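Welcome! Please take a moment to look over the molecule below before reading on.

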Amino acid sequence: MTAAGTLEVVPPVLDVRGLTARYGHVEALKGVDLTAGRGELVAVLGPNGAGKSTLLRAIMGLIPNQGEVRFLDKSLPRRDPAGAANKGVVLVPEGRGIFGPMTVLENLELGAFAIGRDKAEMERRLNRVFELFPRVKERLKQVAGSMSGGEQQMVAVGRAMMSDPKVLLLDEPSLGLAPRVTGEILDTLGALSASGLPVVLVEQKAPLALKLACRAYLLSLGRIVATINPREVKSHDELAQYYFA
Ligand SMILES: Nc1ncnc2c1ncn2[C@@H]1O[C@H](COP(=O)(O)OP(=O)(O)OP(=O)(O)O)[C@@H](O)[C@H]1O
Ligand SMILES: [Mg+2]
């Protein structure tokens, strides 16, 4: 809120307009609008099959899609995931996508491949990840696939941070994790967004996401059916209507 009591409008870093996507004849995303600005963590909530993962894949350009994705006031090409990532739009996918047979350090370094042999920059980025996830620093030589689910998720977020993202998209980072480590990871995402990085968090655990988010989009059958101010949600029963609609 501003001093005048009006809602502050944060200019979007990521501005998704009328995004649609289909798998064959099935339209899985039916014209989605979403924004995330500096310092904002926005949540995308919704039941299984709502289209949450499809939305993130379409933003990245990983699947055929139509509509517009504006990033820092320019349109992103609609089928160029590597180009989007190089510009700073970075996805931590469902299932984490880390390389199990490689060490933690190798996984992290892969995230920063674009900087080439700049050792000082590599060091700076690694130290930033260690600050976010001190546990990762203790396990650098461990084969990533032998880590616990929570630790692997930390490596996945860490690897994304190694690329110095300008907006971070996460697909259910808490999936299958115990509450304590989930809390640790979500708190870190909250801290990242508070430091300025726009974060789009897809999450099934609505109460956890609503604690962190400045705004939540409820997705159902490929459409945003409500945009929620978490401070105005009185009870989680209120959300249930969208899950069972
Ligand atoms: N590769 C695919 N081929 C065909 N249909 C797909 C494919 N991937 C997803 N779908 C369909 O698109 C719809 C949206 O799926 P999506 O995975 O985006 O949902 P979600 O909200 O991420 O669900 P969950 O919470 O289970 O991860 C579903 O009806 C799903 O069956
Ligand atoms: Mg999904």
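## A word about the model

Please keep in mind as you read that this is a predicted model.

## Around the ligand

Let's begin with ligand 1. Which residues sit closest to ligand 1? They are N48, G49, K52, S53 and T54, and they belong to a group of 13 residues that surround the ligand. Helix α1, which covers residues 52-60, supplies the largest share of this shell, namely three residues. Sorted by class, the shell holds six polar, four nonpolar and three charged residues.

Now zoom in on individual atoms. K52 places a polar side-chain atom 2.7 Å from an oxygen atom of ligand 1. For S53, the distance from a polar side-chain atom to an oxygen atom of the ligand is 2.8 Å, and for T54 it is 2.5 Å. How much of ligand 1 does the protein bury? On its own, ligand 1 would expose 630 Å², and the protein buries 61% of that area.

## Helices α3 and α6

Next, find helix α3 (residues 104-111) and follow it to α6. Their axes come within 6 Å of each other and cross at roughly 35 degrees. The crossing is right-handed.

On the α3 side, the residues that meet α6 are V104, N107, L108, L110 and G111. Their partners in α6 are V155, G158, R159 and M162. By class, this contact contains five nonpolar residues, three polar ones and one charged residue.

## Helices α4 and α6

Helix α6 (residues 149-162) also packs against helix α4 (residues 119-132). Here the angle is about 145 degrees, and the axes lie 9 Å apart. Which hand does the crossing of α4 and α6 have, left or right? It is right-handed.

From α4, the contact uses M122, R125, L126, R128, V129 and L132. From α6, it uses G158, M161 and M162. The contact between α4 and α6 includes six nonpolar residues, two charged ones and one polar residue. If you are tracing α6 on screen, look for G158 and M162: they take part in the contact with α4, and they also meet α3.

Note on methods. Residues numbered from 1 in each chain as written. Chains lettered and ligands numbered in written order. Predicted model: local features only at pLDDT ≥ 70, side-chain atom pairs only at ≥ 80, totals over all residues. Heavy atoms only, no water. Axes fitted to C-alpha atoms, helices over the stretch in contact; angles between N-to-C directions. Helix = DSSP H or I, 4+ residues; strand = E, 2+ residues; numbered from the N terminus. Left-handed = near helix turned anticlockwise from the far one by under 90°. Contact = heavy atoms within 4.5 Å. Nonpolar A, V, L, I, M, F, W, Y, C, P; charged D, E, K, R; others polar. Near = heavy atom within 4 Å. Polar contact = N/O pair within 3.5 Å; in protein donor to acceptor, adjacent residues only side chain to side chain. Areas by Shrake-Rupley, 256 points an atom, 1.4 Å probe, with all protein chains shown as cover.
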